[in-house]
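Here's a quick briefing to read with the structure open beside you. Take a look at the model, then work through the points below.

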Amino acid sequence: MGQETVECLVSTDDEGFTYNNQVSRLTAIQEHFMIMEAIRRGVSEERLARTLNVDMAAIRRKCDLLDGICPEAVQLLKEKRACAGAFREMRKVKPMRQIEMAELMVAANNFSAKYAACLYAATPPEQLLESEKPKEIRGLSPEDISRIEREMESLNQDFRLIEESHGRNVLNLVLVVGYLRKLLDNARSSGSFPTLRRHPGEFQKIVETKSLPSA
């Protein structure tokens with residue numbers, strides 16, 4: 001083109017460009033609120049369906065996503081990748097159980113419909129919206145459901161015990177790390193504490209610990 005110089009942009013980021021970096025992903029709850037806000041401002045369902053290239057039934061399902069879900073459970077899951085199937089399972093139980101299910105999904109970092117179905121299967125009858133009707137889950141017999149209920153209740157109890165002791169264990173870790181850091185500093189400066197000087201690496205690992213191990 002006859003140009004001797006051209007303007008250019010120089011990237012200092014080593015990460016290669018991918019289209020995924022430019023995608024702003026919405027959770028199902030965020031999408032629900034955006035659609036509801038558009039409808040509130042006068043955008044018709046037909047126009048939304050045409051713009052998003054989906055059918056009217058899909059728009060209505062997105063609008064009805066949180067029907068029967070208590071606000072506390074919504075708050076817990078609003079930024080999580082919970083699928084519509086998970087909310088269908090939560091809709092079958094009472095609000096307090098919905099909150100418990102949301103807390104368990106967050107703790108397990110599992111927001112799939114299958115996991116929500118397992119939590120529903122483990123729900124005691126008195127916490128179901130239709131407690132007089134037996135739970136019907138495809139592929140599971142009443143005996144299977146009863147066994148899942150017992151196992152999940154045991155897991156829930158273990159989870160609560162861990163949750164109660166976690167704060168205390170973190171505090172103990174902070175105190176131990178602070179104490180060991182002082183001992184290591186004294187050992188380096190004064191030459192005392194021969195055990196620390198012989199095995200500094202292991203104690204240094206403890207000092208550098210930022211959190212409790214997950215397993």
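Let's start with a pair of helices: H6 and H7 cross in a right-handed way. The contact between them draws on Arg97, Met101, Leu104, Met105 and Ala108 from H6, and on Tyr115, Ala116, Leu119 and Tyr120 from H7. Keep in mind that this is a predicted model.

**How H6 and H7 pack**

- Helix H6 covers residues 95-108 and helix H7 covers residues 113-121; their axes sit 11 Å apart, at an angle of about 135 degrees.
- That angle makes H6 oblique to H7, because angles over 145 degrees would be needed to count as roughly antiparallel.

**The overall fold**

- You'll find ten helices in the chain and zero strands.
- Going along the sequence, the pattern reads α-α-α-α-α-α-α-α-α-α.
- The chain has 215 residues, and 26% of them count as buried.
- Take the contacts in the chain with a separation of 6 or more: 58% of them come from residues 24 or more positions apart.

**The buried face of H3**

- Helix H3 runs over residues 56-63, and its buried residues are Ala58, Ile59 and Cys63.
- Looking down the axis of H3, you'd see these buried residues within an arc of 140 degrees, so they line one face of the helix.
- As background, an α-helix has 3.6 residues a turn, so residues three or four places apart point the same way.
- And what covers the buried residues of H3? The cover includes helix H1 (28-40) and helix H2 (45-52).

**Ile69, in a loop**

- Ile69 belongs to the loop between H3 and helix H4 (71-77).
- Is Ile69 buried or exposed? Its relative accessible area is 10%, so Ile69 is buried, as that value is under 20%.
- Leaving aside residues up to four places away in sequence, Ile69 touches Val74, Phe87, Met90, Arg91 and Gln98.
- Pro95 is 26 residues from Ile69 in sequence, yet the two are 7.1 Å apart in space, C-alpha to C-alpha.

**Cysteines**

- If you're wondering about disulfides, a search of the whole structure turns up zero.
- Cys8 has a relative accessible area of 60%, so Cys8 is exposed, the cut-off being over 50%.
- Cys83 comes in at 30% relative accessibility and therefore counts as partly exposed.
- Cys63, by contrast, is one of the buried residues of H3.

Definitions and conventions. Residues are numbered from 1 along each chain as its sequence is written. This is a predicted model: local features need pLDDT of at least 70, side-chain atom pairs count only at pLDDT 80 or more; totals for chains, interfaces and linings use all residues. Side-chain values use heavy atoms; hydrogens and water are left out. A disulfide is a pair of cysteine sulfur atoms within 2.5 Å. Buried means under 20% relative accessible area, exposed over 50%, partly exposed in between (1.4 Å probe, protein chains only). Helices (H or I, at least four residues) and strands (E, at least two) are DSSP runs, numbered from the N terminus. The arc is that of the directions from the helix axis to the C-beta atoms. Contact means heavy atoms within 4.5 Å. Axes are lines fitted to C-alpha atoms, for helices over the stretch in contact, and angles run from 0 to 180 degrees between N-to-C directions. Angles under 35 degrees count as roughly parallel, over 145 as roughly antiparallel, 65 to 115 as roughly perpendicular and the rest as oblique. A crossing is left-handed if the near helix is turned anticlockwise from the far one by less than a right angle, and right-handed if clockwise.
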